[in-house]
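Here is the note on the model that you asked me to look over.

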Amino acid sequence: MGNGGRNLLDFLNGLNDIIWSYILIAVLLILGLLFSFKTKFIQFRYFGEMIRLLTDKAMVSSDGKKGLSSFQAFCISAASRVGTGNLAGVATAITLGGPGAVFWMWLIAFIGGASSFIESTLAQIYKVKDRDGFRGGPAYYMLKGLKSRWMGITFAITITLSFGLIFNSVQSNTIAMALENSFGLNTLTVGIILAVLTAIVIFGGVKRIAHVVQIIVPIMAVAYLILALVVMVTNITELPSVIAMIFKNAFGLEQAFGGGMGAAVLFGIKRGLFSNEAGMGSAPNAAATAAVTHPVKQGLIQTLGVFLDTILICSATAFIILLSDAASSGAEGINLTQMALSEHIGSWAGTFVSIAIFLFAFSSIIGNYYYGETNIEFIRDNKTILYVYRVAVIAMVIFGAVANLGVVWTLADIFMGVMALINLVAIFLLYKVVLVALKDYKEQRKQGKDPVFSRDVLEDASGVECWDEQ
């Protein structure tokens with residue numbers, strides 16, 4: 001890398017540190033705690049309700065259109081959440097922040113569950129009809145709820161650049177590294193193959209996206225969790241000491257490897273947010289597509305997605321790594337996860353991880369693409385612009401496969417931070433709308449009803465379009 005490249009990377013790292021070290025972590029924790037108290041910790045109290053709602057069927061609107069079911073909307077958001085952050089991102093957090101980073105990943109998931117509930121319920125309240133059923137997300141509730149089109153456009157541009165382009169290059173980068181490490185495949189070849197597969201799905205619209213991810217996501221998540229469970233059971237005697245090490249290192253009481261407490265906090269929260277996306281403003285774009293009888297239903301469903309991502313899948317990766325000797329080997333990213341799993345179950349593990357990361361990351365590319373598509377349609381519903389965006393997504397998939405990992409991750413962090421800050425401001429200004437909807441939901445459930453929402457329960461329903469005909 002020449003001086004220009006080093007200067008650019010130094011500048012990006014400096015900007016990244018400012019956003020994350022001084023601004024975003026504080027805002028995430030403060031608002032996450034505020035929403036937790038205001039909803040009386042709904043992310044814990046309504047856990048059983050979240051499971052029950054997974055089987056909620058899609059309703060048919062008065063114009064005869066049937067949107068996506070709760071499960072399909074859940075799978076689109078899970079497809080985006082469950083990706084490189086779960087395998088490579090966790091490994092990076094442990095390498096740079098030590099075992100304590102895992103604790104801070106857990107914490108941001110527990111607290112962030114409330115933020116996820118608020119943003120996804122808002123997406124349902126302020127969703128709009130489209131040719132496939134419904135669409136919505138932060139840009140829409142900024143316009144409809146805050147009456148701020150400029151804020152919505154700013155968010156729409158940021159998420160399109162970050163998820164549709166930058167994050168997808170992160171996903172393809174990790175896939176290429178994993179397949180090169182296991183099979184010796186050329187990274188450019190991997191990028192081209194991945195681009196072709198991506199094109200086949202994204203040119204088929206949101207219904208095709210939903211059908212693909214509702215198959216991939218459950219299968220790959222269950223398979224990976226079963227393998228992690230096998231590793232934990234076979235190392236059951238070492239598990240208590242690993243858990244103790246996570247907690248001690250989280251507060252700087254025991255130095256293992258990686259950084260001290262500050263590094264554990266920074267990388268745990270950063271990688272945790274990259275993985276579960278709570279409060280970032282991404283999952284609401286999927287939440288809005290569901291055809292449900294009450295907005296709170298999708299709020300609860302998406303909160304469950306945060307737990308699935310971080311508490312289950314990220315923890316699985318963390319235990320696989322920390323129960324091995326690989327963490328202190330100097331390996332990083334996806335190669336560390338492959339090395340750790342190979343130590344536990346043999347050389348074939350590298351191949352399994354390569355296949356898993358391919359499916360995890362490919363589903364993320366599809367989910368990320370949709371987030372960009374729905375926000376482009378917010379800015380301007382134009383087929384030509386949409387086709388240009390699709391071509392750009394495919395190009396970034398190829399670029400990511402051959403790009404420098406450090407630059408790609410840093411860009412992803414910066415765009416994610418800016419996008420999250422815009423969304424957090426919006427949901428702070430609008431969260432009281434969700435509290436009204438939540439109260440309505442609770443009252444109907446107490447009466448034994450399947451809750452049905454009407455815009456009449458809101459004090460100001462001027463921006464609500466889709467809840468007249470319930």
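**Notes on the predicted model**

1. Asp 130 is found in strand S1, which spans residues 128-130. The model is a predicted one, and what follows should be read with that in mind. Asp 130 has a relative accessible area of 11%, and because the cut-off for a buried residue is under 20%, Asp 130 counts as buried.

2. Which backbone atoms lie by the side chain of Asp 130? The backbone nitrogen of Gly 133 is 2.9 Å from a polar atom of that side chain, and the backbone nitrogen of Phe 134 is 3.4 Å from a polar atom of the Asp 130 side chain. With a limit of 3.5 Å for a polar contact, the Gly 133 distance and the Phe 134 distance can each be read against that value.

3. Ala 250 belongs to helix H11, which covers residues 239-250, and its relative accessibility of 0% is why Ala 250 counts as buried. Although Ala 250 and Phe 103 are 147 residues apart along the chain, their C-alpha atoms are separated by 6.2 Å.

4. Helix H14, made up of the 28 residues 295-322, reaches 40 Å from its first C-alpha to its last, which is close to the 40 Å expected at 1.5 Å a residue. As for cover, 26 of the 28 residues of H14 are buried.

5. The largest nonpolar core has 140 residues, and the members that touch the most others within it are Leu 122 and Leu 300. Helix H18, residues 405-446, supplies the largest share of this core, with 16 residues. Leaving aside residues up to four places away in sequence, Leu 300 touches Ile 42, Tyr 46, Glu 49, Met 50, Leu 53, Phe 117 and Tyr 441.

6. For the chain as a whole, there are 18 helices and two strands, and buried residues account for 61% of its 470 residues. Where contacts join residues at least 6 apart in sequence, 83% of them link residues at least 24 apart. The accessible surface of the chain comes to about 17,000 Å², and 65% of that surface belongs to carbon and sulfur atoms.

Definitions and conventions. Residues are numbered from 1 along each chain as its sequence is written. This is a predicted model: local features need pLDDT of at least 70, side-chain atom pairs count only at pLDDT 80 or more; totals for chains, interfaces and linings use all residues. Side-chain values use heavy atoms; hydrogens and water are left out. Helices (H or I, at least four residues) and strands (E, at least two) are DSSP runs, numbered from the N terminus. The expected span of a helix is 1.5 Å times one less than its number of residues. Buried means under 20% relative accessible area, exposed over 50%, partly exposed in between (1.4 Å probe, protein chains only). Contact means heavy atoms within 4.5 Å. Accessible areas come from the Shrake-Rupley method with a 1.4 Å probe; for residues, only the protein chains shown count as cover. A polar contact is a pair of N or O atoms within 3.5 Å; within protein, one must be able to donate a hydrogen and the other to accept it, and residues adjacent in sequence count only if both atoms are side-chain atoms. A nonpolar core is a set of buried Ala, Val, Leu, Ile, Met, Phe, Trp, Tyr and Cys residues joined through side-chain atoms within 4.5 Å.
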